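I opened a notebook page for this chain and wrote down what I looked up, one topic at a time.

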Amino acid sequence: MAKLYFKYGAMGSSKTAQALITKFNYEERGMKVWIGKPSIDTRDGENIIQSRIGLKAEANIIHEADNLYTLFYNMKEKYDVIIIDEAQFLHPEQVNQLGDIVMQLKIPVMCFGLKTDFQTKMFPGSKRLFEIAESINEIKTICKCGRKATVNARIDAEGKVITEGAQVELGGNDRYIAMCYKCYSNIVRRKYFSDMIDTE
């Protein structure tokens with residue numbers, strides 16, 4: 001039975017690697033896979049999905065104005081599964097369209113992405129996936145303290161945690177570090193009190 005899946009994790013949890021491995025597994029069984037990513041993600045090239053461990057594949061680009069249900073409904077070529085990387089960047093309406101693809105076209109859709117941004121707030125696309133996905137699984141990774149990492153902390157060139165800025169800023173290990181909420185909170189608290197002392 002076709003379902004809408006959401007597999008999420010913090011930065012560095014091998015989400016993209018799992019998406020690409022899933023693609024390989026389907027193709028190995030002779031099934032046709034449509035893999036895509038939102039156009040905002042240009043880190044590895046406009047139409048390339050690449051994991052930190054070196055796996056990569058060409059991807060279809062999902063533009064802001066794309067109606068995904070219409071796109072697949074009108075396709076001459078038929079696919080057995082749809083895989084979306086960086087799904088947090090989808091618009092909520094596009095997530096609804098993926099749900100329609102599952103229900104009306106009977107194609108399973110597997111989304112991989114982040115749950116929250118660097119301020120621990122949910123991305124709109126991820127929020128909608130949590131609301132309507134039929135299968136939700138966390139891809140786990142760990143903080144340097146050994147606890148489960150849940151926060152995507154943004155860092156500056158000196159490695160210091162940043163707590164202000166635009167929600168979307170592309171980057172990898174040079175811009176983000178996965179942390180548990182306790183370590184993140186401790187850093188933010190120290191920064192807050194340090195800033196208070198500096199302004200007195």
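**Entry 1: helix 1**

I began with the buried residues of helix 1, which are Lys15, Thr16, Ala17, Ala19, Leu20, Thr22, Lys23 and Tyr26. Buried means under 20% relative accessible area, exposed means over 50%, and partly exposed is in between, with a 1.4 Å probe and protein chains only. Helices (H or I, at least four residues) and strands (E, at least two) are DSSP runs, numbered from the N terminus.

Before going on I noted that this is a predicted model, in which local features need pLDDT of at least 70 and side-chain atom pairs count only at pLDDT 80 or more, while totals for chains, interfaces and linings use all residues. Residues are numbered from 1 along each chain as its sequence is written, and side-chain values use heavy atoms, with hydrogens and water left out.

I then looked up what covers the buried residues of helix 1, and the cover includes strand 1, strand 2 (33–38), strand 3 (48–50), strand 4 (56–58), strand 6 and strand 7. Helix 1 runs over residues 15–28, and its 14 residues reach 20 Å from the first C-alpha to the last, close to the 20 Å expected at 1.5 Å a residue; the expected span is 1.5 Å times one less than the number of residues. Just after helix 1, I found glycine 30 with a positive phi of about 80°.

**Entry 2: helix 3 and what follows it**

What do the buried residues of helix 3 pack against? I found strand 1, strand 5 (60–62), helix 2, strand 6, strand 7 and helix 4. The residues buried in helix 3 are Gln94, Val95, Gln97, Leu98, Gly99, Ile101 and Val102. The end C-alpha atoms of helix 3 are 19 Å apart, which agrees with the 20 Å that its 14 residues should span at 1.5 Å a residue.

Lysine 106 has a positive phi of about 60° although it is not a glycine, and it counts as exposed because its relative accessibility is 61%.

**Entry 3: the nonpolar cores**

A nonpolar core is a set of buried Ala, Val, Leu, Ile, Met, Phe, Trp, Tyr and Cys residues joined through side-chain atoms within 4.5 Å. The largest one has 23 residues, of which Ile84, Leu98, Val109 and Cys111 touch the most other members. At least two residues of this core come from each of strand 1 (4–8), helix 2 (68–73), strand 6 (81–84), helix 3 and strand 7 (109–113), and helix 3 gives the largest share, four residues.

Is aspartate 85 buried or exposed? Aspartate 85 counts as buried because its relative accessible area is 3%, and its place is in the loop between strand 6 and helix 3. Leaving aside neighbours within four places in sequence, aspartate 85 is in contact with Thr16, Ala19, Gly36, Lys37, Pro38, Ile49 and Phe112.

Leucine 55 lies in the loop between strand 3 and strand 4 and is partly exposed, with a relative accessible area of 33%. With neighbours within four places in sequence left aside, the contacts of leucine 55 are Ala17, Leu20, Ile21, Ile49 and Gln50.

Isoleucine 132 lies in helix 4 and, at 28% relative accessibility, counts as partly exposed. Leaving aside its neighbours within four places in sequence, isoleucine 132 is in contact with Leu4, Val95 and Asn96.

Definitions and conventions. Contact means heavy atoms within 4.5 Å.
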